[in-house]
Amino acid sequence: MSLAPVLSSAVPLSNGLQIPIFGLGTSHMGGYSHDAIVYALTECGVRHIDTAKRYGCEGKLAKAIRESGIPRSELWLTNKLWPEDYGYTTAKKACLDSCSQMGLQYFDLYLMHWPGSLRGGCSNREMRAETWRALEELYKEGVCRAIGVSNFLVHHLEQLQEDCSVVPHVNQRYCRGMCPRSLSKSLLCLDLGNQVEYHPFQQPNQLIDYCRHKGIVFGGYSPLAKGQVLSNPTVLQIAEKYKRTPAQICICWSIQNGVVTIPKSTKEKRIKENCQAFEFQLEAADMLALGELHDGRHVSWDPTDVE
């Protein structure tokens with residue numbers, strides 16, 4: 001089994017950790033492949049794997065990681081807490097159960113998956129605060145090396161900062177890096193922070209600017225807009241210019257914007273193609289052209305109406 005050079009580019013979190021800027025995402029409904037995970041780790045140098053309890057593949061992923069032979073200390077493993085498990089006691093148990101399912105002592109990053117709760121009894125804001133308190137304790141106990149949120153918008157983050165003591169290291173949608181200044185409250189944020197949908201058609205600049213100002217790493221999922229961006233004329237023109245694929249253009253654009261980028265694929269050929277986005281850089285004019293493609297569309301969950 002060969003081992004490829006590690007994709008080592010990383011983004012600093014506010015607590016000093018370095019999160020790999022590129023990772024491989026998993027998902028439910030056919031979004032997991034044992035062979036693809038092993039291939040990504042051993043043949044492509046991927047060291048960041050993003051998953052969630054919701055995807056139902058924690059045990060399978062543990063097996064693939066063991067088979068790869070990559071030491072745990074060299075990996076960055078992100079997991080997410082499903083809204084059905086929100087609440088202080090339930091959240092702590094769910095995290096520990098996920099660790100057990102994956103045969104781990106800790107997660108590198110653990111995220112609240114969604115700003116809304118699937119449990120009754122109190123408002124979404126109250127449930128987020130109660131859940132975040134559990135994540136803060138898991139962070140202090142070393143079960144989670146970093147904690148964050150996914151799909152949170154500015155008002156969700158502002159409320160969380162008012163209600164809690166630890167600011168998210170990552171807001172995983174994904175965003176453009178982080179502000180290095182020290183904060184009166186340490187915000188922990190993001191595949192990968194606050195993890196949010198991010199691609200040329202969906203560029204939440206207000207949220208990105210907020211995260212940068214607060215020192216929250218912004219992460220982006222669906223960097224290819226579930227394939228919609230691959231046939232865009234501007235993307236195709238730029239791809240032809242660089243003799244690259246449309247997918248590589250979009251991933252390169254996201255990475256050059258400082259976004260922790262988590263494309264998903266179960267095909268070895270596509271994973272290798274995605275990893276080759278590190279082999280070139282886009283010129284400023286092409287970065288600008290891609291930046292002008294924003295039209296506000298969502299190809300995944302839209303948290304706009306979540307209070």
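Student: Which residues lie nearest the centre of the second largest pocket, and how many residues line that pocket?

Tutor: Keep in mind that this is a predicted model. The second largest pocket has 15 lining residues, and P20, R47, E74, L75 and W76 are the ones nearest its centre. Its volume comes to about 200 Å³. Sort the lining by class and you get seven nonpolar residues, plus four polar and four charged ones.

Now for the nonpolar core. The largest one holds 99 residues, and V46, W132 and L282 are the members that touch the most others. Helix 8, residues 246-256, is the top contributor to this core, giving seven residues. Look at V46 up close: once you set aside neighbours within four places in sequence, V46 contacts L7, F22, L24, A40, L41 and C275.

Then there are the aromatic rings, with seven pairs in total. F107 and Y110 make a stacked pair, with centres 5.6 Å apart and planes at 5 degrees. Both of these residues are buried. Y242 and F280 make a tilted pair instead, at 6.0 Å between centres and 40 degrees between planes. This pair ties together distant parts of the chain, 38 residues apart: Y242 belongs to helix 7 (233-242), while F280 sits in the loop between helix 9 (268-275) and helix 10 (284-291). Y242 counts as buried because its relative accessible area is 17%, under the 20% cut-off. F280 is buried too, at 11%. Finally, ring pairs join W82, W114 and W301 into a cluster.

Technical notes: Residues are numbered from 1 along each chain as its sequence is written. This is a predicted model: local features need pLDDT of at least 70, side-chain atom pairs count only at pLDDT 80 or more; totals for chains, interfaces and linings use all residues. Side-chain values use heavy atoms; hydrogens and water are left out. On a 1 Å grid over the protein atoms alone, a cavity is a set of points where a 1.4 Å probe fits but cannot get out, and a pocket is an open set with protein on both sides within 12 Å along at least five of seven lines; lining residues have an atom within 4 Å of a point. Grid points are joined across faces, edges and corners, and a volume is the space filled by probe spheres set on the points. Ala, Val, Leu, Ile, Met, Phe, Trp, Tyr, Cys and Pro count as nonpolar, Asp, Glu, Lys and Arg as charged, and the others, Gly among them, as polar. A nonpolar core is a set of buried Ala, Val, Leu, Ile, Met, Phe, Trp, Tyr and Cys residues joined through side-chain atoms within 4.5 Å. Buried means under 20% relative accessible area, exposed over 50%, partly exposed in between (1.4 Å probe, protein chains only). Helices (H or I, at least four residues) and strands (E, at least two) are DSSP runs, numbered from the N terminus. Contact means heavy atoms within 4.5 Å. Rings of Phe, Tyr and Trp (its six-membered ring) pair if their centres lie within 6.5 Å; planes under 30 degrees apart count as stacked, over 60 as edge-to-face and the rest as tilted.
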